[in-house]
Amino acid sequence: MSYAAGAPALNEISLALAPGEQVAIIGPSGAGKSTLLATLACALRPVAGSVQVLGVDPWALPAGELHALRQRLFLAPQLPPLPPRQRVVHAVLAGRLPQWSAWQALRSLIYPADAEIARAALARFRLEDKLFLRCDKLSGGERQRVALARLLASAAELLLLDEPVSSLDPALALNALEVLQGEAGARGATLVVSLHAVDLALAKFPRMIGVKAGRVVFDLPRAQVTDELLADLYGAELNASVQALPDEPSAVLKLSRCT
Amino acid sequence: MKLAWGALSGLMLALVFLALCVFSLSGDWASFFSWTAAVKMSEFAAGFLSPAIDPAFLSKLAYATFETLAISWLGTLIACVFGLLAALPASGRWGRAPRAAARLLLNVLRAIPELVWAVMAVIAVGLGPFAGTLALGVHTTGVLGRLFAESLENVPPEPGASLRRHGVGAVAAFWYTTFPQVTPQLMSYSMYRWEINVRAAAILGVVGAGGLGQMLHFHLSLFQMSEAASVLIAMIVLVSVVDALSNYFRGRMIA
Amino acid sequence: MHLSVAGDLRDPAWRGRVTAAIVFLALLLPAGYLTEFNPATLWGEASLRALKQFLGSFFPPAMSPEFLKLVAEAAWKTVAIATVGTAIAIAIALPTALAATRILSISRIATGRMAALPALVRRAIRWLLIFLRSIPEIVWAMIFVRAVGLGDTAGVMAIGITYGGMLGKVYIEILESADNQSTKVLLQNGAGRLQAFWYAALPVSLPEMMSYTIYRWECAIRASVVMGFVGAGGLGQQMELSMKMLAGAEVLTMLLVFVALVWMADMLSALLRRVFA
């Protein structure tokens, strides 16, 4: 897909992603990463320019077909969208809703139809014993993994994840990314992930897109991403914070791990 | 535990109770959905869609509207005064026994619906708006009295206590410290209650307590649907106007 | 140092207060006239006698077994009217609220504003709800009594319609004021509207919706008694008959039963709300 968009949050973006690619989006806070992901997910309509998702222009489609298009993608927001009183099994199986009729969906609430699928998905994130717990009884990291398990249960071809491992410790985060990438590879799905942990991104993703202040700063294969580029990307933020505290001694900052 | 047993059993119980209730009723659904009922309802609807607007009727309607407004206003006012009086013992300032007694009285006044009070008032003082005013006043005293008592209980006691320590009498201390602190809340409750009472006043008339309700009952009994429709419209307009006024005044008081 | 005293020592709020007091008194007179306010009638010879007779007949309350049985049946009928009426109200309110709420709008996902036709449809449904609840239930009851005759059917339908409007409005408010992130995400990922409701909006809003519905059921019991006075069955209708005959003892029994009924409904409602919500 490719688009060139002009919007207050994002400006003059021109991107193309081939099916099956795996891409990491990195950049400072407020750069527009979430907006970019939402636009790719047909959840935000660009003010100017054109978008093509999975081969079609979503905004030229009639409403019914646009909704059918949405069923083929999966957007995971930063905050896991889990209703507090819902049980984990239903939260995970919600990924299958596009495949179910309304009646099947209701029946599954009374007696879960594909509990095995939910269990298998949770098992890959080491959460299979939480199957029948309520979502509000989980920790932040567990909730994030349940949201990822929902992705495994879905059948989407375009996977867009906004900070999917931000609450996980390094070992769990690595495991989660490996599971996601394995799943995307097995399905031939396109995977786009925005990450804060730059070293994780560099380690796992073959292509990196750097976004700053609503613009794409670079779009390169992993090997060509240098430390200077990263410093540039996060640098303005660092400089601004240093200038704001003139009397503080400038701390030693590790550029590869940014807050 | 694949099935959520708690939720399911709750739902089952509710449905069983509902079934019991349905069976207890006369089940006269046939008459509700019957042809004669449909014909009657369409006659009513036709009447409603052409409300009466001849001047003689409209002037009577206007009088009844103001009567209803007066019933609600005066009734609420009476309730403010007596409610405040009853709230003094009910807030516990004079001991536990008066508090219990006052609260019991207020609960009785509240629990009995305005309409029942209205029927009794009609028996006591005859048909007409006076009965309605009394009924509203009595019932609303119970409501406002309890609300006022709770406000009085929640007033911080330090200002009053400090005055009394300086030898100021209890009554003066009340007017200078407690009363000013609760006045905004009292006014707000009273305004809100006035809104509700306008609706109530409009309805009380069906048992003969004056105002738009009495007119509505009269015309409905004679199956004069056009006139009844006009009365209904007047009711809705009156309620909307009072709602707007009350919101305005409450907004001004908060600001 | 020259200290000048402010010229005017009058209280600036004085004028406002005097005006308000004058307006108040000016309104008091017409109000008194319009309401035929005449406390003297309370103490007038004839009415005092009638009142004393009526109040005197209150004690002792009627307690014969047949009468108590009659009252118990009437009380149960009132509960049944309220329950079935509330059930009908839920059946009206729930689909209507789902159809009218913004949070299930698919056309709103990408631009934050609904397309024209869906917006129009939703507004029309909300106007329907306003119409249903703006006419007091007792008026509906009077109309139905004249259309289908005396009895509980009129009461049930009157409650169903009015409370349907009220419940619908409150359901919409509850759905829209809750955290709708989970609903939005399901819709963005292609779930159907009903599916998004069952899997996201309902779990989030169910406790509040149930709590309000149970509270409305309590109100329905009181409303059923009031509607009985215009012939819609139950305890109210019995009370009206007894009052017409000035049978104070019977009225007192029924009043006591009514207060007990309302109190029990209050307890039950509080219990249910604590357990389920």
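With a radius of gyration of 24 Å, well over the 18 Å that the globule rule gives for 255 residues, chain B is more spread out than a compact globule; the radius is taken over C-alpha atoms, and the rule is 2.2 Å times the number of residues to the power 0.38.

This is a predicted model, in which local features need pLDDT of at least 70 and side-chain atom pairs count only at pLDDT 80 or more, while totals for chains, interfaces and linings use all residues. Residues are numbered from 1 along each chain as its sequence is written, and chains are lettered from A and ligands numbered from 1 in the order in which they are written.

| Property of chain B | Value |
|---|---|
| Span of the C-alpha trace along its principal axes | about 80 × 70 × 40 Å |
| Share of the 255 residues that count as buried | 41% |
| Share of contacts with a separation of 6 or more made by residues 24 or more positions apart | 71% |

Here a residue is buried if 20 or more other C-beta atoms lie within 10 Å of its own, with C-beta atoms placed from the backbone, and two residues are in contact if their C-beta atoms, placed likewise, lie within 7 Å.

The contact between chains B and C takes 45 residues from chain B and 48 residues from chain C. On the side of chain B that touches chain C there are 34 nonpolar, 7 polar and 4 charged residues, where Ala, Val, Leu, Ile, Met, Phe, Trp, Tyr, Cys and Pro count as nonpolar, Asp, Glu, Lys and Arg as charged, and the others, Gly among them, as polar.

In chain A, helix α4 (residues 102-110) has A:Ala105, A:Ser108 and A:Leu109 as its buried residues. They cover an arc of only 105 degrees around the axis, which puts them on the same side of α4(A); the arc is that of the directions from the helix axis to the C-beta atoms. Their cover includes α3 (88-93) of chain A together with α9 (193-228) of chain C.

A:Leu158, in strand β6 (residues 158-162) of chain A, is buried, with 22 other C-beta atoms within 10 Å. Leaving aside neighbours within four places in sequence, A:Leu158 is in contact with A:Leu54, A:Arg72, A:Leu73, A:Ala189 and A:Thr190.

Terms used: A residue is buried if 20 or more other C-beta atoms lie within 10 Å of its own, exposed if 12 or fewer, and partly exposed in between; C-beta atoms are placed from the backbone. Helices (H or I, at least four residues) and strands (E, at least two) are DSSP runs, numbered from the N terminus.
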